[in-house]
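Here's a short tour of one structure for someone meeting it for the first time. Have a look at it, then read on.

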Amino acid sequence: LQEEATCPVCLEYFTEPVTLECGHNFCRACISQCWEGSDISCPRCGETVQQRNLRPNRQLANVVKITKQLNLQAAKGAGGDGVCERHQEALKLFCEEDQTPICVVCDRSRAHRAHTVVPIEEAAQEYKERIQAHLKTLREEREKLLGLKTTGERNCREYLKQTQTERQKIVSVFHQLRQFLEEQERLLLAQLEKLDKEIVRIQNKNVSKVSKQISRLSELISEMEGKCQKPASEFLQDVRTTLSRSHVGYKSL
């Protein structure tokens, strides 16, 4: 049925099929290429027929329509949507040059006649094997990267652990250093406070001593001044004793 619905010139489904006097059928556009004036040379048998005797073949057009519908139903029943949009045939072949699925009608057309065509399942298996090879490489690369990621994360944890240990050491050292400095501060301040007290004690002692000396000198001076105010006869009495006392008083300072 599919062969009967195919034009022998374009090898595709008939489009506006016409019948020649010799009984052969062609697409109107295809047979028009064979015109020689008002005559037509039949591509199948070579017989010359009159152009005016071309008859539209409506029955064949209906057959073509029915064939397309049957092929569409068969293709959908066999595998779903793998149907040629142009010919409504199942996509059972694969064109290597165009890298696209085609139907058997496409295979007989001029567009794919010289191309390398293989069964679509065979092509799918071949490309699946290629993709599987690529997938193997990609998985290996992914595993390698996952290993690097794991190693990097482990190293990061180790480094963070080391830095945390160093941080604790630094905090401990500076805590001890602060305690030492605070203790030294207390000791030095205590020594200074003790020194302050000693200075004050010595100063008070010296002031007390000097104050006593000042008091004795003041008494001696008053006594000498009083002695000098007396009459000459009284003043000269025991004058040597007075001089000796003033001299001894001065020496005692």
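Let's start with Thr67, which is buried, at a relative accessible area of 2% (buried is under 20%, exposed over 50%, partly exposed in between, using a 1.4 Å probe and protein chains only). Keep in mind that this is a predicted model, where local features need pLDDT of at least 70, side-chain atom pairs count only at pLDDT 80 or more, and totals for chains, interfaces and linings use all residues. Residues are numbered from 1 along each chain as its sequence is written, and side-chain values use heavy atoms, leaving out hydrogens and water.

Thr67 sits in helix α2, residues 58-79 (helices are DSSP runs of H or I with at least four residues, strands are runs of E with at least two, and both are numbered from the N terminus). A polar atom of the Thr67 side chain lies 2.7 Å from the backbone oxygen of Val63. Leaving aside neighbours within four places in sequence, Thr67 is in contact with Leu1, Gln2, Ala5 and Tyr13 (contact means heavy atoms within 4.5 Å).

Now for the sheet. This open sheet has 3 strands in the order β8-β7-β9, with antiparallel pairing (strands pair if DSSP finds at least two bridges between them). Each of β8 and β9 stands at an edge with a single partner strand, so one side of each has no neighbour in the sheet.

| Strand | Residues |
|---|---|
| β7 | 93-95 |
| β8 | 100-102 |
| β9 | 117-119 |

β7 and β9 pair over 3 bridges, and Phe94 stands opposite Val118 in β9. Helix α4, residues 120-228, packs on the sheet and touches β7, β8 and β9.

Note on methods. Axes are lines fitted to C-alpha atoms, for helices over the stretch in contact, and angles run from 0 to 180 degrees between N-to-C directions. A polar contact is a pair of N or O atoms within 3.5 Å; within protein, one must be able to donate a hydrogen and the other to accept it, and residues adjacent in sequence count only if both atoms are side-chain atoms.
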